[in-house]
Amino acid sequence: MRVSSHQYHLNSIQNIQTNAGIFNEKSVQLGTNQRILKPSYDPLGTVMLMNLGSEIDSLEQYKTNMDAVNYSLGQQEVQLTGIVNQIYSLQSLITTAADASMGDSEIKALGQDMSIAFPAIVDLLNATDSAGKYYFSGSKTDDKPFQIDGSGNYAYSGDSIVREVSVSDDSSVINNIIGDALDPSAGFLNAMKDYLVDVNNPPAGGVGAQSRVMIDKLAGFLSTISGQVTTIGATMASLDSVTTSNEDIKTFTVNLRDDLSSLDYPEAFVSLKESVAAYESSMQVYSNVSKLSLFSYI
């Protein structure tokens, strides 16, 4: 079969370009340690890499979420632990005030100490984060949860929304404790406020009966606060378990992604050397043949 000079030149140039392309491709692969430089190299592998990358991004977001939840719940736990400490102080003072032998001056002295511990509890219930957002107002973080209303009583001003944060593909955890769960309808705060009126102006016969009632209310409040502290502790413990699980999944996914995308160095290097040899051979042959003409045989 006769091959025209023009066709021969086209075939030679195509061979040179093909080998140059292989050389460039392998050079970039070796330089980047990436097997798949563009989707056409491996369409299925490209889709798998995209899915693996998306899963890794999700796991990293879950890690960010868990860090934020851990910090927020940790701060709320600090406030509630402070309330528990103040409750113990009030418990001791109120128990002492229940003694029928206490005189007016002694009861009023106890009342002064109670008047320090009680506002501390209110302040802790109205605690804010570093951005000035209230911890225990539900979703109404700009509103102070416990305030004195028009009738002179404490009232809860937040809502009942418990925020949940995703920490894995199929689970989420709470991120806040609502104030109405800490002191439903501000029952303890109003009872304590009214009790302080009696202590600061003790009736004849002392405040024994009022103190015993208040001790019961204080015990109920302590139980509620302690229960919420336990809830926070259990939530944070579950986060530790989820964190370990997510880290294991991330390690496996990252390794799988790297195995899929990483270059086979020996194969790529051999292919690079072969492309160089083929390129140089094609150039040499093309150069030599290009110099030939009919005059070379005269």
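Start by selecting D67 and K63. Their side chains form a salt bridge, with N and O 3.0 Å apart. Keep in mind that this is a predicted model. Both residues sit in helix α2, 4 residues apart, so about one helical turn separates them. Now colour the pair by accessibility. D67 is partly exposed, at 41% relative accessible area. K63 is partly exposed too, at 33%.

**Next stop: E60 and K250**

Stay on helix α2 and select E60. Which residue does E60 pair with in a salt bridge? The partner is K250, and the closest N and O atoms are 3.6 Å apart. Zoom out to see what this pair joins. E60 belongs to helix α2, which covers residues 43-97, while K250 belongs to helix α6, which covers residues 208-261. The two residues are 190 residues apart, so the pair links distant parts of the chain, as their positions in the two helices show. Check the surface around them. E60 has a relative accessible area of 36%, which makes E60 partly exposed. K250 is partly exposed as well, with 24%.

**Then: K133 and D142**

Select K133 and D142 together. They form another salt bridge, and here the closest N and O atoms lie 2.6 Å apart. Are these two residues buried, partly exposed or exposed? K133 is partly exposed, at 32% relative accessible area. D142 is exposed, because its relative accessible area of 55% is over the 50% cut-off.

**Now go inside**

Hide the charged pairs and turn to the nonpolar residues. In soluble globular proteins, nonpolar side chains tend to be buried together. The largest nonpolar core in this model has 52 residues. Select M114, F188 and M192, the residues with the most contacts inside this core. Next, show the elements that give two or more residues to the core: α2, α3 (104-125), β2 (154-156), β3 (164-168), α5 (187-200) and α6. Which element gives the largest share? That is α2, with 11 residues.

**Last stop: M192**

Centre the view on M192. Set aside its neighbours within four places in sequence, and show what is left around it. M192 is then in contact with L90, I94, M114, F118 and M214.

Terms used: Residues numbered from 1 in each chain as written. Predicted model: local features only at pLDDT ≥ 70, side-chain atom pairs only at ≥ 80, totals over all residues. Heavy atoms only, no water. Salt bridge = Lys/Arg side-chain N within 4 Å of Asp/Glu carboxyl O. Buried < 20%, exposed > 50% of the residue type's maximum accessible area, 1.4 Å probe, protein only. Core = buried A, V, L, I, M, F, W, Y, C linked by side-chain atoms within 4.5 Å. Contact = heavy atoms within 4.5 Å.
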